[in-house]
Amino acid sequence: MYIETHAHLTMPEYQDLSEVVARAQAAGIEKIVNASFDLQSSEQSVKLAKQFPGYIYAAVGIHPHDAGNLVLEKIKELASNKEVVAIGETGLDYHYNPQTKEVQQMAFRNFLSLAQELELPIIIHAREAQEDTIRIMKEENKGKLRGVFHCFAGDEQLIEFAKETGFYISFAGMVTFKKAINVRENVVKTPLSMLLLETDCPYLAPEPHRGKRNEPAYLPLIAQKIAELKGISMEKVAEETTQNARTLFKFL
Ligand code: NI
């Protein structure tokens, strides 16, 4: 069994949601964490989790744009729902939004603080912003920071930082992309005890579905690649990553 730790099933791509969920179940996905990126998707994620109780759970958060006080209050309110297991995604992305660095950093700080206040793990997206991500996390860590670097695109320094802080590292379908050599090297460098699996669907469909709509049922293709890279069985990857996800999101 697998846990899909990062999907976006509230996107308009999923008009056939019940079939998507049925295929996920048939593929051995035991739970799905649905991540959000703005206020609307956060509200929708909570609704979705209520529609599939015990199967889909929600993460609420804003990324990577403005998160003023009003938005923060609303996210906090949403997080009080029992279906919410994490804050996110949030973080820093200087690739798409280099002009809003300060605003992103402020929002990131607010969410790091909120996650600790609510004692929830945080799902972090860091792209071309590794140094600031580490610096701000160090500054905001009150000793209660837990979470995952999702769709990992960092280097050894961020893997080391994750090790020190007890953060998990999650890989998506990019591990199967021919040119993503760095991503595969990161898989090799990351201990299995820190690894989570995600599809980040509808984006980043793994081979042989690359370029098409992604969905949680493709998660085993990512597990298969990771097993191959680490020279272990798929069962071992499934077992350990599922245990890691249960620990992080407190699925008991
Ligand atoms: Ni995402």
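The report below takes these topics in turn.

## Basis

This is a predicted model, in which local features need pLDDT of at least 70 and side-chain atom pairs count only at pLDDT 80 or more, while totals for chains, interfaces and linings use all residues. Residues are numbered from 1 along each chain as its sequence is written, and side-chain values use heavy atoms, with hydrogens and water left out.

## Nickel site

H6 (NE2), H8 (NE2), E89 (OE) and D200 (OD) coordinate the nickel ion at 2.2 to 2.4 Å. Donors are N, O and S atoms within 2.8 Å of the metal (3.2 Å for Na, K and Ca); water is not among the atoms, so sites may look incomplete. The sequence spacing of the donor residues is H-x1-H-x80-E-x110-D.

H6 and H8 are both buried (under 20% relative accessible area, with exposed over 50% and partly exposed in between; 1.4 Å probe, protein chains only).

## Position I87

I87 lies in strand β4, residues 84–93 (strands are DSSP runs of E, at least two residues, numbered from the N terminus). The relative accessible area of I87 is 0%, so I87 is buried.

Leaving out residues up to four places away in sequence, I87 touches V60, I75, A79, F111, L114, A115, L118, L120, P121, I122 and I123 (contact means heavy atoms within 4.5 Å).

## Cysteines

The disulfide count is 0, where a disulfide is a pair of cysteine sulfur atoms within 2.5 Å. The closest cysteine sulfur to that of C151 is in C201, 12 Å away, which is too far for a bond.

C151 counts as buried at 16% relative accessibility, and C201 counts as buried at 0%.

Notes
Helix = DSSP H or I, 4+ residues; strand = E, 2+ residues; numbered from the N terminus.
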